[in-house]
Amino acid sequence: MKNQSPLLRKSAWSLIGVPAFCILLITLIWDSELKQIRRDHDETLAAVVQQNNNRVAALEQYAIRTIQNADAVLQLVVKELAHSSPVPPLSIKLPPAPANELLATILVADAKGTVTSISSDSSVGKLPQVAAQEYFRFHTRLSADSLYIGKPMHCPLVDRQVIALSRRITPPGGGFAGVVAVLIEPSALTKFYAQANLLPHDILSLVAPDGTTYARRTGPRESFGENIRKSPLYRHLERQAVGSYRANDAIRGVPTFFSYRKLKDFPIIATVGAAEAEVMAGFYHRTRRAYNSALILSAAVALFSMLVCFFIRVHRRQTKIIRDSETRYRSLFENSPDAILLADPFGNVLEANPASCTILGRSKEEIFALGRTGLADTSDPRLAELLEERSRTGKARGEISLLDNKGIPFPAEVTTALFTDATGQQFATMFIRDITKQKRLQKKILQEQKRFQRKLTEQVIRAQEREREVIGRELHDNVNQVLTTVKLYLELAQTDKTSCEVLLPRCVGHVMDSINEIRKLSRDLSAPTLGTRSLADSVEALVDMIRSSSGLRMTLRHNLQPGSLAMDLKLAVYRILQEQLNNVVRHARASKVLITLNQQPSCLLVTIKDNGQGFDPRQQREGIGINNMISRVKVFDGKISINAAPGKGCTVQIMVPVPTVPDEGFTTNAVLQFSEA
């Protein structure tokens, strides 16, 4: 930014400052929102923990009160039975179960485990044995009286799941006289919350130390007897008897906030849980709303910043365009290889670039002095004509001869024009280009063209001489020998009249051979009768002739349309085919040749493919056969490609554009006609 103008530097700092301020403002917005979200999260979480603590405390008190009520009944019955005399057999009439439905059934069993009394309203037949029940065996093992709280089990006396609370009956003289048990439904421990407005995943449960649930309520659903020993609850219990934690529910795997309390006088743990998705739903909704507000506010700030930056960039771009325009003009003026002169309408040179000093061989001061005296006096008189034309038309261009500082003339191309600046003042520009190298190159190109034309003429003459030599050899070796034989036969027939019948037919046959040989030479040397025959017929005749004379297996495929090609194009295609087939016969040592002529609306595609010994097309070859083919294709602005390799045969592909000929019966999908030996 050292080379920039103060205005550009100021706008550059603005482009940096505005986005930086925008980023800072957006950062403050998000920092404020995130802090508010964190506070809201902490407050919501604290409210959830407090609610769970209140619920678990209430559940603890309700469970303790329920157990104490049941124990009070047990102690009352035990006291009455212990003071009965005599104690055995225990046969008393118990009152029915309490009306509050918390106590399901009260039963009394003697020392042998036989139920002697039961407080059920339903009639029970033969009273069953309870000696196998855990609560009975517990009291037989323990001599002291204590309250036993059993796990949920199925009781056949009442035919439902119950929790047994029992005490030992000890007679006044000591010993074991039986047990008194209160059978409580598991739901009695959580029935306090039956009418509470619990969420679907809220949890209230009373759990034994071994992980068995005494009673569990999940929303409106009640359950018991599950094993949650793998729950993190027991890790927290090892550290403290009352607390809270977050974990997945051990049964459903739902993320839940838990609060727990270990009952002080009973082997029971009260737990309350609230599903994270439910209790935090309001927080999540407020968080989404806060994020949306922050996004909208950030987008508004960013949009405002973008608009400010856009207007700054537009202003900067306009300033830079003006500055760059000046820089480009100065760079073009200073670095141009052509001489550039800026002058007023009177011919006084006002400015000259470094190239003008190099091309004209003068310093700027000399050029300025030369301009004030008139450029026409120091150069070719045609310069005055260019200046006069410029004054008439506003611009002029031409070649003139200028003198360098040594007085040596050199060719130059001069372009001059008038222009008016923003103030309305008129000026003139003059571009001077030294074209000495171009002239030399043009001369060299012309010489190369003449040399190539001379070489081509020599090759054509050499080819003609070879053709004449071939014709002479054919006439001498074939026709002359045959005619000489005919002459000898005729002379012999004149002297020996008896041999005429034998010699004259031989003479006729030799004469016909000579006629056929001369006809073959004529066919090879003269153009085919393409004026009266189609290109397809001429090519087929050429293929038949070469096939019969060479023994090649030749295949011709074409879709040529009669009368759709010009005469010169048909002749060129015929000669190209003739040239390439002669090359195949003479040099290729091939056994198969495929010729394809595919006529399309805009071009003619010709392919000649053989399976001969091939050659390397990159190597220069003697003769003008391939050059003639290339020259004939170029006459029609066509393209030719030769794909060959040693041992892989040769493929010549030719594409020649053809003018569109109106023909309703012609389509590009015409089926190729097929001809094969």
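This is a predicted model: local features need pLDDT of at least 70, side-chain atom pairs count only at pLDDT 80 or more; totals for chains, interfaces and linings use all residues.
Figure 1. Of its 677 residues, 38% count as buried. The chain exposes about 39,700 Å², with carbon and sulfur atoms supplying 56% of that area. Among contacts with a separation of 6 or more, 55% join residues 24 or more positions apart.

Figure 2. Because tryptophan 30 belongs to helix H1 (residues 6-82) and tyrosine 291 to helix H5 (residues 281-335), the pair ties together parts that are 261 residues apart in sequence. Both partners are partly exposed: tryptophan 30 has 22% relative accessibility, and tyrosine 291 has 34%.

**Figure 3. Tyrosine 245 and tyrosine 260 form a tilted aromatic pair.** Here you can find 6.1 Å from centre to centre and 50° between the planes. Tyrosine 245 sits in strand E10 (residues 242-248) and tyrosine 260 in strand E11 (residues 255-262), 15 residues apart. With a relative accessibility of 9%, tyrosine 245 counts as buried; tyrosine 260, at 1%, is buried too. Look for Phe258 as well: ring pairs link Tyr245, Phe258 and Tyr260 into a cluster.

**Figure 4. Arginine 229 places its charged end over the ring of tyrosine 234.** The distance to look for, from that charged end to the ring centre, is 4.3 Å.

How values were computed
Residues are numbered from 1 along each chain as its sequence is written. Side-chain values use heavy atoms; hydrogens and water are left out. Buried means under 20% relative accessible area, exposed over 50%, partly exposed in between (1.4 Å probe, protein chains only). Contact means heavy atoms within 4.5 Å. Accessible areas come from the Shrake-Rupley method with a 1.4 Å probe; for residues, only the protein chains shown count as cover. Helices (H or I, at least four residues) and strands (E, at least two) are DSSP runs, numbered from the N terminus. Rings of Phe, Tyr and Trp (its six-membered ring) pair if their centres lie within 6.5 Å; planes under 30 degrees apart count as stacked, over 60 as edge-to-face and the rest as tilted. A charge sits over a ring if NZ of Lys or CZ of Arg is within 6 Å of the ring centre and within 35 degrees of the ring normal.
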